[in-house]
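Dear colleague,

Please find the structure below.

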Amino acid sequence: MRRTQPTPDGVPRGQTTMDFAAGISIFLVTVAFAFAFVPGIVEPFDGGDVANPVTANRLADELASDRLASPDNPYALNETAVETFFDEPPSIEEKLAVQDRDSVRVVLENNTTMDGPAVVAAAGDQVPDDASVTTAWRTVSYRGERADLIVRVW
């Protein structure tokens with residue numbers, strides 16, 4: 001079925017293929033422009049060789065709200081769970097089930113001292129100087145004081 005629209009001089013005018021082609025062209029150019037100049041649309045964590053920020057955030061959330069704390073009282077770390085997690089084998093990568101290509105370091109720091117943060121517990125290898133690292137941290141309560149749980153992935 002073909003639609004026609006009258007023009008001011010009374011001659012009927014149908015929608016042409018050229019109108020459709022022009023509309024589709026404008027739409028495709030707009031979509032291409034959006035994908036080309038807004039890189040975060042396709043991959044929100046595009047960082048080239050930067051370590052995976054999704055992994056760092058997942059691990060920080062899991063530790064602060066589930067593994068080291070009770071799900072009923074997230075971010076209030078359980079002392080027994082903290083000691084078990086940081087002191088006992090296996091390696092930190094095995095405990096957290098990260099991929100073989102990723103390395104992890106987890107540090108619990110107490111920030112209530114006047115001398116600066118004091119490391120309460122740490123697990124995992126030291127971060128190499130030349131590594132591209134993603135850091136995620138959560139403010140938690142440990143032994144009734146404010147502390148930072150820091151997860152570094154490289």
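In α2, the buried residues (under 20% relative accessible area, with exposed over 50% and partly exposed in between; 1.4 Å probe, protein chains only) are Pro 53, Thr 55, Ala 56, Leu 59, Ala 60, Leu 63 and Ala 64. Seen down the axis of α2, these buried residues fall within an arc of 165° and so line one face of the helix; the arc is that of the directions from the helix axis to the C-beta atoms. Helices (H or I, at least four residues) and strands (E, at least two) are DSSP runs, numbered from the N terminus.

This is a predicted model, in which local features need pLDDT of at least 70 and side-chain atom pairs count only at pLDDT 80 or more, while totals for chains, interfaces and linings use all residues. Residues are numbered from 1 along each chain as its sequence is written, and side-chain values use heavy atoms, leaving out hydrogens and water.

Leaving aside residues up to four places away in sequence, Phe 86 touches Leu 68, Lys 95, Val 106, Leu 108, Ala 121, Ala 122 and Ala 123, where contact means heavy atoms within 4.5 Å.

Val 153 lies in strand β8 and counts as buried, at 0% relative accessibility. Val 153 and Asn 52 are 101 residues apart in sequence and 7.2 Å apart in space, C-alpha to C-alpha.

With kind regards
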